[in-house]
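Thanks for coming. I will go through one model this morning, starting with a helix pair and then moving to the sheet and a few single residues.

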Amino acid sequence: MSRIEELLKERILVLDGAMGTMLQRYKFEEEDFRGERFKDWEHPLKGNNDLLSLSQPEAIAEVHRKYFEAGADIVETNTFSGTTIAMADYHMEDLVYELNYESARIAKEVANEFTQQEPHKPRFVAGSMGPTNKTASMSPDVNDPGFRAVSFDELRIAYKQQAEALIDGGADILLVETIFDTLNAKAALFAIEEVKDERGIEIPIMVSGTITDASGRTLSGQTAQAFLISISHIPILSVGFNCALGAKQLVPHLEVISAKSDFAVSAHPNAGLPNAFGEYDETPEQMRDQIEEYLEKGLVNIVGGCCGTTPEHIQAIADLVKKYEPRKLAVPA
């Protein structure tokens, strides 16, 4: 943990880009998702990207490798949907520990390769803990506003299992990301604190919310400042935003948390806003030019990409950040 904290004082760290965008390039079909092991699975599996860590591990390792080659300091594990809650869609709840463990192990193996080649530039693995497909503070039924599809305790238990597997697999950091409901994030953070206490360990925690529209609020209705206040009681490494918006649209929200927070600040926006086909058109150069505003204003300590971003985007960002000093961090008393 102290190594990452020291590096954050020295330079802006680069996070990787979109795993999903890269996996789409492989054009995997149902049989590819299944592989030999799951060829007789009773339910459709196409679209379960997390499963590819078991059925197509070479592809996952190759994606990590490309991002490290592009200049990333940190790659995220292929575990965005790695909870029993999200895996219920595929009837794969029993595989959750293995999915997270193997995803972390693959990423760590690749990270170690690069660290050995370039000891002056250590590479890190962030265990990706996505928001799940259920919300703890909102009802999915407009006719029953008091209904909840999941409880805080159910989320806590699911996230605890994920956190344990990611740590066991070799994750250096835990990244609670794409937070649209802060109560879900609180369950994840509570679970991580439980694991830390039980094991007597420390592990850096990154927290990344998502502003869902031009109102500047998360899906559960919080402003950037309210989101920051809601999670500030937890000892975290960084707070920031990812997904939903392009780099340009994130600026005012990063300005808020950068001004109000003593934590490091992260940003990994989308490659612009999606077009009519749900695809992202922003070039690496266009995204780089927008992210330069973050750097000129001294807003960030960690920067990368989310939906639509590729190794080319990350390389453009990695080349850019070398020219700038990181955002100043508060010195602990």
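Helix H7 passes helix H8 in a right-handed crossing, where right-handed means that the near helix is turned clockwise from the far one by less than a right angle. Helices here are DSSP runs of H or I with at least four residues, strands are E runs of at least two, and both are numbered from the N terminus. The contact uses Val 96, Tyr 97, Asn 100, Tyr 101, Ala 104, Arg 105 and Lys 108 from H7, and from H8 Gln 161, Gln 162, Glu 164, Ala 165, Leu 166, Asp 168 and Gly 169; contact means heavy atoms within 4.5 Å. Nonpolar covers Ala, Val, Leu, Ile, Met, Phe, Trp, Tyr, Cys and Pro, charged covers Asp, Glu, Lys and Arg, and the others, Gly among them, are polar. The axes of H7 (residues 96–117) and H8 (residues 152–169) come within 7 Å and cross at roughly 35 degrees. Axes are lines fitted to C-alpha atoms, for helices over the stretch in contact, with angles from 0 to 180 degrees between N-to-C directions.

This is a predicted model, with local features needing pLDDT of at least 70 and side-chain atom pairs counted only at pLDDT 80 or more, while totals for chains, interfaces and linings use all residues. Residues are numbered from 1 along each chain as its sequence is written, and side-chain values use heavy atoms, leaving out hydrogens and water.

Now the sheet. It is open, has 8 strands in the order S1-S8-S7-S6-S5-S4-S3-S2, and its pairing is parallel. Two strands count as paired if DSSP finds at least two bridges between them. S1 (13–14) and S2 (74–76) are the edge strands with a single partner each, so one side of each has no neighbour in the sheet. S1 is joined to S8 (residues 302–303) by 2 bridges, and Val 14 has Val 303 as its bridge partner in S8. S6 and S7 pair over 6 bridges, with Asn 242 opposite His 268 in S7. In S7 (residues 264–270), 7 of 7 residues are buried, buried being under 20% relative accessible area, exposed over 50% and partly exposed in between, with a 1.4 Å probe and protein chains only.

What lies across the sheet? H9 lies across S3, S4 and S5, at about 170 degrees to S4. H8 lies across S3 (124–129) and S4, at about 165 degrees to S3.

Next, H13. Of its 11 residues, 8 are buried, so H13 is largely enclosed by the rest of the structure. Its cover includes S1, H2 (19–24), H5 (57–70), H12 and S8. The axes of H12 (residues 284–296) and H13 (residues 311–321) come within 9 Å and cross at roughly 35 degrees. This crossing of H12 and H13 is right-handed, and the contact residues divide into 8 nonpolar, 1 polar and 3 charged.

Last, two threonines. Thr 132, in the loop between S3 and H8, has phi near 65 degrees, positive in a residue other than glycine. At 10% relative accessibility, Thr 132 counts as buried. Thr 178 is in strand S4 and has a positive phi of about 55 degrees, although not a glycine. Its relative accessibility is 8%, so Thr 178 counts as buried.
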